Amino acid sequence: MSERNSDIYEPPAAVVAAAHVSGRAAYDRLVAEAETDYEGYWARLAREFISWHKPFTEGLDASDAPFFKWFADGTLNVSYNCLDRHVEAGQGEKTALIFEADDGQITRVNYRELLARTCRLANALRAQGVRKGNRVVIYMPMGIEGVMAMQACARIGATHSVVFGGFSAQSLRDRIEDAGAVLVLTADEQLRGGKRLPLKAIVDQALALGGCESVRSVIVYQRTGGAVDWQPHDHWLHELSAAQPTTCEPEWVEAEHPLFLLYTSGSTGKPKGVQHSSGGYLLHAALTTKWTFDLKPDDVFWCTADIGWVTGHSYVTYGPLALGATEVVFEGVPTYPDAGRFWEVIQRHGVTVFYTAPTAIRSLIKAVEGQPQTHPRHYDLTSLRILGTVGEPINPAAWRWYHEQVGGSRCPVIDTFWQTETGGHIITPLPGATTLVPGSCTLPFPGIIAAVVDESGKELPHGHGGILVVKKPWPSMIRNIWGDPERFKKSYYPDEFNGQYYLAGDGAVRDATTGYFTITGRIDDVLNISGHRMGTMEIESALVSCTELVAEAAVVGRPDETTGEAICAFVVLKQGRPEGDDAKAIASRLREWVAKEIGPIAKPRDIRFADNLPKTRSGKIMRRLLRSVARNEPVTQDISTLENPAILEQLGQAY
Ligand code: WTA
């Protein structure tokens, strides 16, 4: 990031005065408490934030490191913590979800109703034979039913795996097979930006691809009433639920019981099933929702993330509900019916805490140019108190626009750094305690011991860029990669650090004076497209699986003003290098192919053809060189080993 970011923003006095963590000294005290008695600190919070069925007596169990356990002899139920306990405390009439559909229709659900409907669905799942420990895949749109589906799984101890509705049949199939799911929850169609997109039909295709024999039934939520092809194993959600009682005894599970798997991209061609716990995960989801967003009982919280991503897990389904909060759940997209939709939703529902992605902010800044009436100044956004961002670095210019134009210069902008694997925020400002610097995610959340180290694991002095690690296991961390403990160890607790540190996969640098962290980007082959993780290897394997056309492919990222990074693919075709219209036609066929293999989010922005790919003498693709080419930068690498230097010129042309 080349923009200057010398400005700093003190927490507003009014925010400090009322904050859960009030003032820098309060933050420092929490950090000190965690340093002096690490396990005691987390145990204190675990008792405060979670209603345990059987209280735990142990904190951290590191006997099988790096397969850490937390609160292992305690039992709980996550859905009990998110629903029942609020109703029991007299909060049943409080609004839990304000659902705003794509077409603007609004549905409110209070805690009593959400509990009753979740129980019905949970009973229906049990009636379908789903038991504790079984995996259930959820391929549903954003909405009340999606949240309920996750809560219903949690209620009966089934481990859910939500697959984002933009993933293809092939991707869905791979996840169903890897998880060994016994049941799939889906909808007839989803509505986004005024368009109907099939979901059930994609589930049908996924199951028809084979390898999903573990699936015994499919439950379909009727969202649009669109036509569906009915299979013998299909059931309507409303029919199954209607037949069930509105109470359902929760399954009390051990703290380490896997609440969910969530597939995410890594540096191989195969996505990994990140496995999370119940107790430790819920603790951090609830705790960070409260402290990072300084959430109070009368707030109206809105996290725009889809339940298909980890942000939608921690900050839509679990964190806010564990706190008994009121939140907006939004089905649509930021630009429909126009680019003022977010501001309209905030105005309509009096949103006080708003959490979104830098890509969305950047695209709305851009959209204002063509649609000046969508500028935030045309909306009443005075309800806002706190603004948050997540998923990728936020450039200082977008940060300032968000702060000034959306937050009226009154609301702290909280740049939260975390990952699917971390379960919740790990480096983030706290609104009433942290002085903000645009472009920096500032300091570790109290209890997270983060550091910047060199390749041998030695801590680097501030001011020196290096590798981001977490030095101690924390309650909400990833527990395993589903079915692949070896890959878990290698990816996150590598030998280079003697298996001692959690390796985040990002680079970071700390400010010489403040110690603030700035994330410098992934250190592996993972790209971040509009805040969505995508492995270059996954896209490469999708391309080469088009065996009719493709001989070889390499994928790299290049910076993009709006989406953060853009996917750039270098392809060698079996037929030789195409030109002109032929090249354009093949490029568009390959884009569609990738969309079919992975999903539309993985479509390469640029496709470049060459007779072969630039390789080192030992046959390794020269990715650094390809990165320069993708950025249209002059090539500075040594190319004397290139067999065919003419390909550099060929690679210059993008389709
Ligand atoms: C990136 C999303 C800079 C980072 C919650 C990380 C960020 C990856 C930030 C995880 C941030 C996330 N600043 N980079 N505030 N937040 N990232 O698993 O590269 O989808 O490793 O989790 O997003 O993406 P994931």
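## Around the ligand

How many residues surround the ligand, and which are the closest? There are 17 of them, and Asp415, Thr416, Thr420, Asp506 and Arg522 are the closest; a residue counts here if one of its heavy atoms lies within 4 Å of the ligand. Before going further, please note that this is a predicted model, where local features need pLDDT of at least 70, side-chain atom pairs count only at pLDDT 80 or more, and totals for chains, interfaces and linings use all residues. Residues are numbered from 1 along each chain as its sequence is written, and side-chain values use heavy atoms, with hydrogens and water left out.

By class, the shell around the ligand holds six nonpolar, six polar and five charged residues. In this scheme Ala, Val, Leu, Ile, Met, Phe, Trp, Tyr, Cys and Pro are nonpolar, Asp, Glu, Lys and Arg are charged, and the others, Gly among them, are polar. At least two shell residues come from each of α11 (310–322), β20 (413–416) and β25 (517–522); helices (H or I, at least four residues) and strands (E, at least two) are DSSP runs numbered from the N terminus.

## Polar contacts and cover

Now for the polar contacts, pairs of N or O atoms within 3.5 Å. Arginine 522 places a polar side-chain atom 2.7 Å from a ligand oxygen atom, and asparagine 528 has one 3.3 Å from an oxygen atom of the ligand. Glycine 391 takes part through its backbone, with an N or O atom 3.1 Å from a ligand oxygen. On its own the ligand has 530 Å² of accessible area, and the protein covers 95% of that (Shrake-Rupley method, 1.4 Å probe).

## The second largest pocket

A pocket is an open set of points on a 1 Å grid over the protein atoms alone, with protein on both sides within 12 Å along at least five of seven lines; lining residues have an atom within 4 Å of a point. The second largest pocket contains about 710 Å³ of space, a volume being the space filled by probe spheres set on the points. Its lining has 31 residues, with Lys490, Ser491, Leu503, Ile523 and Asp524 closest to the centre.

The lining of this pocket comprises 14 charged, ten nonpolar and seven polar residues. Helix α15 gives the largest share, six residues.

## Cavities

A cavity is a set of grid points where a 1.4 Å probe fits but cannot get out. Among the residues lining the largest cavity are Leu76, Cys153, His257 and Ser278.

Note on methods:
A polar contact is a pair of N or O atoms within 3.5 Å; within protein, one must be able to donate a hydrogen and the other to accept it, and residues adjacent in sequence count only if both atoms are side-chain atoms.
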